[in-house]
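Hi,

Here is the structure I promised to pass on. Please open it first, then read my notes below.

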Amino acid sequence: MRKITILLVLVTISISAFSQDATLKLWYKQSAGKVWEAAMPIGNGHIAAMVYGNTNNEILQLNETTVWSGSPNRNDNPDALAALPEIRKLIFEGKNAEASKLAAQNIQSKKNHGMKFEPVGNLNLNFPGHDSANVSNYYRDLNIENATTHASYTVNGVKFTREIFASFANNVIVVRLTADKPNSITFTASQTSQHNPSNVTVNGTDQIVLAGTTNTHETVPGMIKFQSVAVIKNEGGIRSTIDNTISVSKANAVTIFITIATNYVNYNDISANEAKRTSDFLKVPLQIPYSRLLSSHIAAYQKYFNRVKLNLGATDVVNKSTDIRLRDFKQSYDPQFAALYFQFGRYLLISSSQPGGQPANLQGIWNGNMNPSWDSKYTININTEMNYWPAEVTNLTEMHEPLIEMINDISKTGRETAKVMYGSNGWVAHHNTDIWRITGPVDGIGSAMWPMGGAWLSQHLWEKYMFSGNTKYLEKVYPALKGAAEFYLDFLIEEPTHKWLVVSPSMSPENSPNIPKSVSIAAGVTMDNQILFELFSNTIHAAETLNTDKALVEKIKTARKRLPPMQIGQYSQLQEWMQDLDNPNDKHRHVSHLFGLHPGKQISAYRTPELFDAARTSLIYRGDGGTGWSMGWKVNFWARFLDGNHAYKMIQNQLVPMKVGGKTMEGGGTYANLFDAHPPFQIDGNFGCTAGIAEMLLQSHDGALHLLPALPDAWATGSVSGLRARGGFEVMDMQWKDGKLVKAVIKSNLGGNCRIRIPNILKAKFKLAKAQGNNPNPFYQTEDVPKPIISEKAKLNPVNVKDTFVYDFQTEAGKTYLLTN
């Protein structure tokens with residue numbers, strides 16, 4: 001605290017002196033060179049590029065969201081059904097190793113383990129004489145307020161400038177080259193690709209066309225045909241062709257248009273004409289002046305981005321380049337860097353996930369490798385879900401739509417998996433899927449034997465409704481939600497000791513008990529029980545909201561009562577497994593048994609104090625390290641523990657520079673371009689931390705709209721606007737000073753009771769009543785969580801959270817309510 005106080009005294013720039021415009025940039029004094037993780041990401045949810053900013057050999061590494069290996073396929077293993085009873089018997093007899101071996105032989109996929117997200121290729125721009133020895137005054141940035149990247153430098157007294165963006169208004173990437181003296185721009189353009197086969201041709205004198213087909217992978221034939229077209233329009237100068245390149249000499253300015261398309265229609269249809277698509281994409285933008293292309297792009301992007309403003313204060317550290325701020329963040333006082341990182345996460349979600357496109361995968365929409373880590377698929381035992389944690393609360397609900405559509409897809413493909421592999425109704429997905437919407441097991445049995453991916457994803461179907469209250473949307477997604485619940489009504493089995501209904505076989509994702517000869521396969525693990533409690537509760541409420549399936553609701557309620565309760569073990573921890581097998585020295589990156597805390601809502605300081613303390617103890621045992629995404633999850637955990645200073649510590653731990661090529665599985669950080677480092681790059685950590693920062697400022701999962709639930713000392717004064725809460729509430733403005741809430745403006749889009757939980761007393765010109773009993777607002781109902789079973793050896797602590805004040809006031813749809821100190 002003394003250190004923070006001293007630094008606050010040294011602040012030379014007031015909070016109000018920095019507008020969002022001046023600080024929402026990543027900027028550097030050097031190019032990316034050959035380092036992909038230092039390049040600037042741009043994208044419009046369909047096409048994307050990593051821009052290196054090199055002076056003599058500029059590279060735009062290109063992606064298109066449907067360029068994947070393989071073709072329509074399934075990866076179910078029908079041998080599972082016959083082997084299932086014996087596998088379950090072995091698990092209940094404590095013969096987990098034998099069960100795991102049998103599952104590997106009969107459940108693990110014998111077909112394939114999913115396809116790969118692949119790069120398209122590169123657009124290369126070579127500028128003679130622009131090597132580093134001749135360059136001065138170099139600067140590049142990524143402006144996340146208007147979704148443009150820039151580079152500028154001087155050669156022989158001429159200032160060269162590049163402005164590049166992936167248009168949200170037109171499906172093109174636009175490169176604008178200018179110089180401050182006429183006849184100065186000379187370069188050669190080419191396209192290259194790692195794909196084989198691929199072909200590059202020049203069409204006329206202004207188009208470079210790259211065409212190719214994606215790879216065959218694990219016997220699944222590659223059948224995605226893609227085409228990338230670059231159109232070069234020069235103002236002044238001479239344009240000529242040499243082989244498969246285009247050269248421009250002595251131009252005043254140049255605009256390059258890039259678009260990419262494939263033959264992909266959906267997961268079982270690849271009948272589109274990629275060449276016609278690229279031609280159609282280019283017709284309109286080629287007729288639009290550059291200034292209008294830019295302004296329409298910015299307007300389309302800012303429709304989303306400008307919804308949320310975050311001001312945590314600023315010091316003179318903001319004048320330093322981004323790589324230096326990252327290097328120094330843990331030791332310096334730089335609150336604006338946290339705000340920048342928060343908004344960078346929103347930028348990445350807008351840029352990688354747009355309506356009508358694919359969901360953001362493990363790397364969002366950016367990948368330069370033909371064999372990316374984990375195939376850059378959709379890992380649905382945490383990572384894909386984490387990608388979308390910021391979607392609703394940070395006011396980007398439209399960005400959620402591609403994930404919702406993917407869930408609808410796999411609710412169809414997963415029906416065959418449920419029937420063929422497990423003899424069950426409904427639908428199921430395991431821990432991975434891809435663009436072909438596979439739902440069978442992926443990878444070795446130590447990761448694959450987790451039939452809960454669809455259940456976790458289904459939480460997103462319900463949460464999107466909780467924020468909007470849109471019953472037409474709920475009607476659309478209800479069949480998928482219902483189908484997920486129906487699978488477990490069939491699949492659950494009674495375990496012999498307590499007669500609980502459990503998921504078996506399964507695992508606590510990617511972890512196993514830290515005991516000799518342990519394996520991951522298990523029954524009734526805590527995460528599964530928590531996920532099912534959420535799924536069953538959400539399905540019950542959805543059916544009741546839609547006034548349908550009353551008989552099914554009763555079946556679900558009966559099954560929910562028989563799920564295992566959470567258990568507190570001998571080390572005062574929340575047990576990860578049904579048996580008390582936890583090791584306090586386990587530092588595993590997955591903290592799966594805390595799902596009930598976040599993103600679930602079963603563990604609460606106010607409703608379940610024993611579980612709250614046990615979960616907190618478990619997280620303390622897990623430690624403050626981990627992979628990049630794991631630390632992002634821990635920001636959310638500590639926010640839910642209402643401990644802002646510990647949540648902030650996790651942000652500091654995540655924002656530590658990571659060198660490219662790191663191999664450790666348990667030491668993540670952040671790359672120079674602020675991409676999250678697992679390592680290697682995984683985008684989920686970016687999204688997880690953005691969601692965690694929002695959770696520190698606003699929570700709405702626990703029966704009330706909780707303002708400043710986990711404010712750290714480092715953010716003593718600040719403001720935020722535009723965050724959304726469940727029940728259709730929006731925090732239009734929230735300001736705090738010296739740790740005290742001084743103003744809150746809340747808009748009610750649906751009406752109904754608004755219950756607020758605040759850190760200090762506020763006044764209002766409308767009636768504020770002290771809250772009593774349960775919140776009558778249906779969007780704020782909380783579930784009665786079964787009492788935990790507590791080990792005699794456990795020693796629990798008081799919850800010990802700060803006092804708050806809880807009030808109710810009635811709202812009308814469309815009206816705004818002001819509270820002040």
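This is a predicted model: local features need pLDDT of at least 70, side-chain atom pairs count only at pLDDT 80 or more; totals for chains, interfaces and linings use all residues.

Core first. The largest nonpolar core has 237 residues. Phe187, Ile256, Tyr488, Leu705 and Trp715 touch the most other members. Take Tyr488 as a place to start looking. Leaving aside neighbours within four places in sequence, Tyr488 is in contact with Val428, Pro451, Met452, Ala455, Val503, Leu532, Leu535 and Phe536. There is also a second, separate core of 13 residues. Val174, Phe257, Tyr290 and Leu294 are among them.

Now the sheet. Seven strands form an open sheet with antiparallel pairing. Their order is β2-β3-β4-β5-β10-β15-β14. At the edges sit β2 (40–43) and β14 (238–242), each pairing on one side only. From one strand to the next, the twist averages 20°. Within this sheet, look at β4 (residues 57–64) and β5 (residues 121–126). The two run antiparallel and are joined by six bridges. Asn57 stands opposite Asn126 in β5.

Last, the helices. Helix α17 (residues 609–622) and helix α18 (residues 628–640) have axes that come within 11 Å and cross at roughly 145°. The crossing of α17 past α18 is left-handed. Which residues make the contact? On α17 they are Phe612, Arg616, Leu619, Ile620 and Arg622. On α18 they are Lys634, Phe637, Trp638 and Arg640. By class, that contact has five nonpolar and four charged residues, with no polar ones.

Best wishes

How values were computed. Residues are numbered from 1 along each chain as its sequence is written. Side-chain values use heavy atoms; hydrogens and water are left out. A nonpolar core is a set of buried Ala, Val, Leu, Ile, Met, Phe, Trp, Tyr and Cys residues joined through side-chain atoms within 4.5 Å. Buried means under 20% relative accessible area, exposed over 50%, partly exposed in between (1.4 Å probe, protein chains only). Contact means heavy atoms within 4.5 Å. Two strands pair if DSSP finds at least two bridges between them. Helices (H or I, at least four residues) and strands (E, at least two) are DSSP runs, numbered from the N terminus. Axes are lines fitted to C-alpha atoms, for helices over the stretch in contact, and angles run from 0 to 180 degrees between N-to-C directions. A crossing is left-handed if the near helix is turned anticlockwise from the far one by less than a right angle, and right-handed if clockwise. Ala, Val, Leu, Ile, Met, Phe, Trp, Tyr, Cys and Pro count as nonpolar, Asp, Glu, Lys and Arg as charged, and the others, Gly among them, as polar.
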